[in-house]
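Here is my note on the side-chain contacts. Please read it with the model open.

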Amino acid sequence: MVSQTQLPPEIQLAQRLAGNEQVTRDRAVRKLRKYIVARTQRATGSFTHDELLKVWKGLFYCMWMQDKPLLQEELGRTISQLVHAFQTTETQHLFLQTFWQTMNREWAGIDRLRLDKFYMLMRMVLNESLKAVRTRGWEEKQVEQLLELLITEILHPSSQAPNGVKSHFIEIFLEELTKVGAKELTADQNLRFIDPFCKIAACTKDSLVLHNIARGIFETIVEQAPFAIEDLMNEMDAQNGEDEASDGDGESLEGSIRRTDLEKGKGTGDDEDSAGPVLQFDYEAVANRLFEVASRQSTPSQNRKRLYKVIQK
């Protein structure tokens, strides 16, 4: 029998993360963060797919064992923020990929009383995933890599994701994107974020996925249009006010807008639950993209009808 000290560090940590004592689990989470930072800082430091699956197995049962709601929220936040401990985008993506694979694998065994905390964990991990992309300036390559990962593991026809994971992901996607990016993402960038949903909606043979995407993504965008217009008008009014105030010192309009954006962000903190900006969309561009994918010869008739119904709204 292999002694504890001979086991690889990630296995030792996984065992402690799933331990019976909360003190042991809390200590293991802290040690795991330090281990991730130290290991991925080295030029040769990385994790294999199997190693991170073992880590997530431990984190999953660490969450499973936590019964107190407030402590569940704190633990969920700590676990989801581990993504920022990885020092390379490659290992970050592998960490996120193995999270969704773990949720897919373990979902059927989650009892009704524990569902809510894992719904919360999924939401928190998605939120931190988007924040990781935001820290890199919403780079197009980073956005595409994250979207490809999410779609492959959750919504692609070959995905092993159960209906519960698929449905919850679709439900929370725009909500979390709004919290993280509404203040800075442009209409073109937001169209890029929803484009994978356009493609899936056009080709899926899963009627539940089609319905949830149409309702949770496209119809939600339509329903939010009045708020998005109001938000844009408020921003324009604020910018005009700044421009008028700066006429005396000859500041350019571009400089005024930049300063306004900075000042609007001051003192607001990261209160993601408060009412805030709405995602901006070019609604004609969204409709054109939906029409493009819906009108393809390969699009099933029920998918085409459902997408045309959205366009008509």
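**Salt bridges, core and rings**

1. E219 has a relative accessibility of 8%, so E219 counts as buried (buried is under 20% relative accessible area, exposed over 50%, partly exposed in between, with a 1.4 Å probe and protein chains only). E219 forms a salt bridge with R306, with the closest N and O atoms 3.0 Å apart (a salt bridge is a side-chain nitrogen of Lys or Arg within 4 Å of a carboxyl oxygen of Asp or Glu). R306 is buried too, at 16%. The pair links helix α14 (residues 301-312), which holds R306, to helix α10 (residues 207-223), which holds E219, 87 residues apart. Helices are DSSP runs of H or I with at least four residues, numbered from the N terminus.

2. On provenance: this is a predicted model, in which local features need pLDDT of at least 70, side-chain atom pairs count only at pLDDT 80 or more, and totals for chains, interfaces and linings use all residues. Residues are numbered from 1 along each chain as its sequence is written, and side-chain values use heavy atoms, leaving out hydrogens and water.

3. The structure holds 19 salt bridges. One of them joins R39 and E10 at 3.5 Å, N to O. R39 lies in helix α2 (residues 22-41) and E10 in helix α1 (residues 9-17), so the pair ties together parts 29 residues apart in sequence. R39 is buried at 13%, and E10 is buried at 5%.

4. R114 and D111 meet in a salt bridge at 2.7 Å, N to O. R114 is partly exposed at 21%, and D111 is partly exposed at 27%. Elsewhere, D195, K199, R289, E292 and R296 are linked in a salt-bridge network.

5. How many aromatic pairs does a search of the whole structure find? It finds 18 (Phe, Tyr and Trp rings, the six-membered one for Trp, pair with centres within 6.5 Å; planes under 30 degrees apart are stacked, over 60 edge-to-face, the rest tilted). F60 and F118 are stacked, 4.6 Å centre to centre with 20° between the planes. F60 is in helix α3 (residues 49-65) and F118 in helix α6 (residues 115-134), 58 residues apart. Both are buried.

Note on methods. Helix = DSSP H or I, 4+ residues; strand = E, 2+ residues; numbered from the N terminus.
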